[in-house]
Amino acid sequence: MGSEMCIRDRVSPMLILLILSLILLAAVLYAQYRRSRALRRAARDLKEARIAPGTRLRLYSPDDKLEELLSQINGLLEDKERETRVLRSREESLRRQIANVSHDLRTPLTSILGYLQLMGREDISPEEYRHCLEIVEGRAKVLQDLITSFYDLSRIEGGEYSLELQSVDLRRSLEPLLAGFYEDFEQAGFQVTVELMESPPAVSADPGAVTRILTNLIGNALKHGSKTLDIRLYQEGQTLVTAFSNDAPELTQEDLPRVFERFYTADQMRTGQNTGLGLAIVKHIVQLYGGTLTLESAVGKGSTFTVTLPLAKDNA
């Protein structure tokens, strides 16, 4: 009797321990099952995410470590989708650029070929021949300028555009340019108002690049402006500001954010001699000097291109 009691006393703890072990094992197996099921569903979601952008991984059972893992994976998915959108935008931009380049090169080439055929006729008079030759030369110059602009933009964006910095007097650079454009202003019926600072401090720039900047902005006003042009040169702090203001009826508020994009021209502004490269090149050059080029426009107040360049160190 006593021995049976002893055995029973020994068996009871062992049985309880066995039952507890089985319960613990069942709990572990169930947890593993839930984790495995959650991982399978996450794998299914990941597969769907590869096909349908915007899909995110979800956790179907509470697990801190898995939640952290899936959060990181979702972050990677968002990064991938963002990169994909950027690449698609670039591809679309490249396609538009190729179309614009093709259009701008084809226009003068078509004209040249047409006049060359006309010049090959046996019944053409000397006067007509000279007239055709002048047109061909003009179109060839346009074509040369286009190719030069393409090349310059690629060099600027590739960091290969060399600049020889010197102390430049913007007033002395601007005055002869305005004189050179005098006949163009007259023919276009422009009323030009000029306010140039007396003895302005010099800026640190490349003289040739400065001429290109000013020439492009004056030419842009002639092409797209109407009747009036105000040009001001003044100092503002440690910078020298050149502002070109005129009416630009063809420029809309939708165009403003994209005016400085390479190859961009609004449809209503496009001409056979306008690539949209000029302003992109000018802005890149100004930025190389640590300056800024901005455009402000408002209905009834016209548009203003403003070039801001830092003063030369000996003037700062």
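Is Arg171 buried or exposed? I opened the notebook with this question, and since the model is a predicted one, I treat every value below as computed from that model. Arg171 has a relative accessibility of 19% and therefore counts as buried, the cut-off being under 20%.

**Entry 1: the surroundings of Arg171**

I then looked up the partner of this side chain, and found that Arg171 meets Glu175 in a salt bridge, with 2.9 Å from N to O. Both residues belong to helix 4 (residues 170-180), where they stand four residues apart and are therefore separated by about one helical turn. Glu175 is partly exposed, at a relative accessible area of 36%.

**Entry 2: other salt bridges**

I searched the whole structure for salt bridges and recorded five. One of them pairs the side chains of Asp169 and Arg172 at 3.8 Å, N to O. Here I compared each residue with the classes of accessibility: Asp169, with a relative accessible area of 24%, is partly exposed, whereas Arg172, with 65%, is exposed.

Another salt bridge links Arg130 to Glu127, at 4.0 Å from N to O. I placed both residues in helix 3 (residues 126-157), where they lie three residues apart, about one turn of the helix. Arg130 counts as partly exposed, because its relative accessibility is 48%.

**Entry 3: the cavity**

How many cavities of 30 Å³ or more does the count give? I found one cavity that reaches this volume, and I noted about 40 Å³ of space in the largest cavity. I listed its lining residues as Leu170, Val210, Ile213, Leu214, Thr242, Val307 and Leu309.

Sorted by class, the lining of the largest cavity holds six nonpolar residues and one polar residue, with no charged residues.

Which residues make the nonpolar surface patch of about 380 Å²? I wrote down Ile16, Ile19, Leu20 and Ile23 as its members. Looking up the element that holds one of these residues, I found Ile23 in helix 1 (residues 2-51).

Note on methods: Residues numbered from 1 in each chain as written. Predicted model: local features only at pLDDT ≥ 70, side-chain atom pairs only at ≥ 80, totals over all residues. Heavy atoms only, no water. 1 Å grid on protein atoms, 1.4 Å probe; cavity = no way out; pocket = protein on both sides within 12 Å on 5 of 7 lines; lining within 4 Å. Points joined across faces, edges and corners; volume = space filled by probe spheres on them. Nonpolar A, V, L, I, M, F, W, Y, C, P; charged D, E, K, R; others polar. Patch = residues over 30% accessible without salt bridge, like charges linked within 9 Å, V, L, I, M, F, W, Y side chains within 5 Å. Areas by Shrake-Rupley, 256 points an atom, 1.4 Å probe, with all protein chains shown as cover. Helix = DSSP H or I, 4+ residues; strand = E, 2+ residues; numbered from the N terminus. Buried < 20%, exposed > 50% of the residue type's maximum accessible area, 1.4 Å probe, protein only.
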